[in-house]
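These are notes for a colleague opening this entry for the first time. They are numbered so that each can be checked against the display.

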Amino acid sequence: MDIYSIILAAGEGKRMKSNTAKPLQKAGGKALIDHVISAASAVGIKENIVVVGHKADDVKAYLKDSVLYTYQLEQKGTGHAVMQGIEPIKDKEGIVMVLCGDTPLIDGESLKAALKSHINAGRAATVITAIAPNPFGYGRVIRNGEKLTKIVEQKDATPKEAEVSEINSGMYFFDIKKLRHALSRLTNNNAQGEYYLTDTIEILLKDNENVGAEIVDFESILGVNDRIQLAQAEAVLNRRNVERIMLGGVTVINPAATYIGCDVKVGIDTIIYPGTILEGSTAIGCGCIIGPDSKITDTKIGDNTEVIKSVLTKSEVGNNVSVGPFAYMRPNSKVGNNIKIGDFVEIKNANIDDGTKVAHLTYVGDADVGKNVNFGCGTVVVNYDGISKHRTTIGNDVFIGCNTNLVSPVTVKDGAFTAAGSTITDEVPENALAIARAKQVNKEDWVKPKDR
Ligand code: UD1
Ligand code: CA
């Protein structure tokens, strides 16, 4: 049987008070709607249909052609949104799953289990519900004994209905034909003057259709309507990610003070100290020590490497490397094995080969550096002439004296030395010593006794 999904993402999300469309707000380093789409994919969906409206262009620009779109030009409620969403599949037979773009904590396993019982029970509709510690704001699931009767929204609930703690998750499975028939009979006769999707449940029950509810853990259905709920979602996603890597053999000293993105991978026996943020596609090897206070984004790190109080972005670092404290690796830096990138060192768009030491207070930008090079303190690769950037090449076994300026484009060949304080503008031949600084002049007795 074919299964389709309709993901509602047209609402304005007023309560967020934001210039960003709500489905594109980030939690766990990804847009809210990304989490929903990945949960849907786990169910094996034939086609994901996303209903867009408010800031539709932004949502489409973000999701590109990974999904099918339908427009809801005016936001007249979730029922009205599904009327638009069902258009592309109106002649199909099968099951449609309806999800909201603002429930990022839903997981594929819960959806799969609910789908299974929807199919096994042969239902026209299955609502996913949960028992909420604080149900305020959610639609309440009203039952007569065990039997479902309807869903009432907060704003339409009687005081007695408002006491019910079972809430509607906003996620459902429907038989496509039966849902269409129910949608055609929706009215907007309610407190918000909207077409509520939730009313289809009562309509189907009145038709004597088989309608059921699947109760899941409240945590997996949290809806993000404001920034407080966004932070709650973030906390849950982070806890899940930190637990995922800990179960994978990583020591996290303080889970609450550690941020791990959904796609981040960390190898066994790595230790992560507090204040560490690992984001995007970052992948860290085994036996590393990361943190405290490091932010590593879209970066690949090998085994037995240490990163302390440093920021690394879109870069690669090999094995047995020591980075920091206070190092900054900007995009496209490639650092090999057995290397030291010490304190107050900035690397940008540079390749640094095995065994090299850049110990302190140095800038290496737009450069190719060979093996076993030693950078003295205070070296600057002068890569920018005010108009364009140029590359510097340094061979193997080079010794760069303290406070050297390497004015790019320039080459220092294998085995060469530069004297401390040199400003190198011309190629340095193999095994040469380049001295490019004024000679010291001592003016004897320049200080007169009366000056003292
Ligand atoms: C909805 C449910 C409520 C449930 C809650 C779960 C209805 C009437 N209410 O309430 O029972 O407990 O979700 O989180 O369904 N949307 C559109 N077009 C619209 C209106 C909304 O696409 O015209 C989209 C929104 O972008 C959002 C989703 O539908 O992704 C839910 O809308 P929202 O306004 O957040 O509904 P809730 O008040 O949370
Ligand atoms: Ca909501």
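This is a predicted model: local features need pLDDT of at least 70, side-chain atom pairs count only at pLDDT 80 or more; totals for chains, interfaces and linings use all residues.

1. D102 has a relative accessible area of 13%, so D102 counts as buried. N225 has 16%, so N225 is buried too.

2. Surroundings of N225. Which residues does N225 touch, once its neighbours within four places in sequence are left aside? They are R15, M16, K22 and D102. With K22 there is a polar contact between the two side chains, at 3.2 Å.

3. Ligand 1. There are 24 residues around ligand 1, and Q72, G77, T78, E153 and N168 come nearest. Backbone atoms also approach oxygen atoms of this ligand. A backbone N or O atom of L8 lies 2.8 Å from one of the ligand's oxygen atoms. For G11, a polar backbone atom is 2.8 Å from an oxygen atom of ligand 1. For K76, the corresponding distance from a polar backbone atom to a ligand oxygen is 3.4 Å. On its own, ligand 1 has 760 Å² of accessible area, and the protein covers 89% of that.

4. Helix 3. Which residues of helix 3 (residues 78–85) are buried? They are G79, H80, A81, V82 and G85. The cover over these buried residues includes strand 1 (3–9), strand 4 (47–52), strand 5 (68–71), strand 6 and helix 6 (176–183). An α-helix has 3.6 residues a turn, so residues three or four places apart point the same way. T78, one of the residues that come nearest to ligand 1, falls within the residue range of helix 3.

5. S5 in strand 1. S5 belongs to strand 1 and is buried, with a relative accessible area of 0%. Apart from neighbours within four places in sequence, S5 is in contact with I45, E47, N48, I49, V96 and M97. How far apart are S5 and V50 in sequence and in space? They are 45 residues apart in sequence, and their C-alpha atoms are 8.2 Å apart.

6. Nonpolar cores. The largest nonpolar core has 47 residues, of which I33, V50, L111 and I221 touch the most other members. Helix 1 (residues 32–43) gives the largest share of this core, 7 residues. A second, separate core has 45 residues, among them I260, V317, M329 and V358.

7. L111. What does L111 touch beyond its neighbours within four places in sequence? The contacts of L111 are A39, A40, V43, M97, L99, I106, I128, M171 and F173. M97 is also in contact with S5.

8. Cis peptide bonds. The bond from G291 to P292 is cis, with omega near 5°; P292 is in the loop between strand 18 (289–290) and strand 19 (295–297). The bond from G324 to P325 is cis as well, with omega near 0°. P325 is in the loop between strand 24 (322–323) and strand 25 (328–329).

9. Positive phi. K309, a residue other than glycine, has a positive phi, near 40°. K309 is in the loop between strand 21 (306–307) and strand 22 (311–313), and its relative accessible area of 32% makes it partly exposed. N372 also has a positive phi, near 50°, and is not a glycine. N372 lies in the loop between strand 30 (367–369) and strand 31 (374–375). Its relative accessibility is 44%, so N372 counts as partly exposed.

Notes. Residues are numbered from 1 along each chain as its sequence is written. Chains are lettered from A and ligands numbered from 1 in the order in which they are written. Side-chain values use heavy atoms; hydrogens and water are left out. A nonpolar core is a set of buried Ala, Val, Leu, Ile, Met, Phe, Trp, Tyr and Cys residues joined through side-chain atoms within 4.5 Å. Buried means under 20% relative accessible area, exposed over 50%, partly exposed in between (1.4 Å probe, protein chains only). Helices (H or I, at least four residues) and strands (E, at least two) are DSSP runs, numbered from the N terminus. Contact means heavy atoms within 4.5 Å. A residue is near a molecule or strand if one of its heavy atoms lies within 4 Å of it. A polar contact is a pair of N or O atoms within 3.5 Å; within protein, one must be able to donate a hydrogen and the other to accept it, and residues adjacent in sequence count only if both atoms are side-chain atoms. Accessible areas come from the Shrake-Rupley method with a 1.4 Å probe; for residues, only the protein chains shown count as cover.
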